Amino acid sequence: MEQKNRYIENYLANIAKKLSENGINITENQILQITNSYSNSDRTIEEIQKEIRSLVEEFLENYAETIATKQLENLPLPFNGITLNNQDIDLMLIAGANNPQELQTALSRITNIKYSLNTTELTEEQFLILRQQVYDMYLNSLTPINDYIKNNRLKMARKIEYLKSSGNLSQEEVNIINKIISTSKTSQEIIEKLSQAFSPEKNHQIYEIIRDFSPIEKTGIKSSTISSSRNLLEEIRHNYNSITIDEEAKYGKIVLQDGSFDFRHLKKSLDFAKSLNKQVRLNTLLFYMDCPDELYNLEKTKENKVLVKQKLQSYVDATTKFIAENGYSDTVRSIDVFNELLNRFSMSEEPLYMYRGNISQLETILPNGSLVIDDNIKSGWLKHLDIADLCDVIAVARKNLPTTDFMYNDENFID
């Protein structure tokens, strides 16, 4: 037994020496722990050697991962970024105001709330109270995300409330809208009936007003305070050189129900970044969930493929031209042009990773009996378009923004 113990000690010492020669140091304590674990073992030398080799291989794999992580941490990355949504920005505009004039400017850019501000001279204490009131008013305009999860009709209901209280409708028009709401089962049905009830000009105004209101809280926003928003603003000023603007450049945020484009909210976000001298990454142009139902639900035909491609290309062209023609080319450093073309859970016996356009669009039955396609497997734009079509669309963006970095963003790459 002593002879076998000495053999194991020498075997481990030789391994440690070879590792040391390659710049990988094993401590005496580590060697002693392994030696003791095999001391007086009943297993054969061959079995022990095999197990030790397995331990060494595992150690080397972990060592390699550690080194790779350290190398990544030490890379001189040019951008240190933070992701912001429109509610983050709105609250920072309010909290960052240091006088009545700055607060008035912030309110002129924010559409979720309307507040008539008297900018006559206020004491510092009066201004701080007023700013807090405006901040609280904004938070109170938001429906908690958990309430929306329980009842997804809340979003449209809140938007209609906002529309009716906007002061842009006559009593007769309000009555028409009330009738539409009472006789409609879905948000899409409401939109369709609105388009039939009013002139194109009035509909455009209605769609702009509805777009102006973001009634559902982004995760965690309602727990914000003026202090936390001011601290976040200072953190961005001093510790970040890039802002990722979430959602404001997406199809559903730019394209109104009548097919026109509304860039006011994207402009607000870009102006915010520009005022802080920060670069911007936009997320995202082509995201499967942004394909509107009226296009997604079209039958898959050659004619509809042409229509869907034209709609998508018009939006991409208009959005990238807006950036180029309004002084934002130097601010927008990169755009996520494709987002999640893959699907990690195809809900079938197919391969784990699938191109989203290849997944069968199987309907599932909800508790209320309606048939829907699970968002996880929904193909969106890819129901009608293939990769070549998407590249044609992005070629238009490249023509408008020749120096902007175009990125492919897919969270399914994380594992």
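H384 touches L295, Y296, L298, E299, K300, K305, V308 and D389, residues up to four places away in sequence being left out; contact here denotes heavy atoms within 4.5 Å. The structure is a predicted model, in which local features need pLDDT of at least 70 and side-chain atom pairs count only at pLDDT 80 or more, while totals for chains, interfaces and linings use all residues. Residues are numbered from 1 along each chain as its sequence is written, and side-chain values use heavy atoms, with hydrogens and water left out.

H384 is placed in the loop between strand 8 (371-373) and helix 17 (387-400); helices (H or I, at least four residues) and strands (E, at least two) are DSSP runs numbered from the N terminus. With 5% relative accessibility, H384 counts as buried, a class defined by under 20% relative accessible area, as against exposed at over 50% and partly exposed in between (1.4 Å probe, protein chains only).

The protein contains 17 helices and nine strands. Of its 415 residues, 42% are buried. Of the contacts between residues at least 6 apart in sequence, 74% join residues at least 24 apart.

I323 belongs to helix 16 (residues 302-325). Apart from neighbours within four places in sequence, I323 is in contact with L282, Y328, S329, V332, I335 and L401. I323 and L401 are separated by 78 residues in sequence, yet their C-alpha atoms are 8.2 Å apart.

Strand 1 (residues 81-84) presents I82 and L84 on a covered face and G81 and T83 on an uncovered one. In a regular strand, side chains alternate between the two faces of the sheet. Strand 1 pairs with strand 2 (residues 242-246) in the parallel sense over four bridges, where pairing requires that DSSP find at least two bridges between the strands. Within this pair, G81 stands opposite S242 of strand 2.

Most residues other than glycine have a negative phi, and most peptide bonds are trans. E247, although not a glycine, has a positive phi of about 80°, and is located in the loop between strand 2 and helix 13 (251-254). N277, likewise a residue other than glycine, has a positive phi near 60°; N277 lies in the loop between helix 14 and strand 3 and is exposed, with a relative accessible area of 70%. The peptide bond from N283 to T284 is cis, with omega near 5°, and T284 is part of strand 3 (residues 279-287).

The second largest pocket holds about 320 Å³ of space. Of its 16 lining residues, L93, G96, A97, L233 and R237 are the closest to the centre. Helix 4 (86-95), helix 5 (100-109), helix 12 (226-239) and helix 14 (264-275) are the elements giving two or more residues to this lining. A pocket is an open set of points on a 1 Å grid over the protein atoms alone, where a 1.4 Å probe fits, with protein on both sides within 12 Å along at least five of seven lines, and lining residues have an atom within 4 Å of a point. Grid points are joined across faces, edges and corners, and the volume is the space filled by probe spheres set on them.
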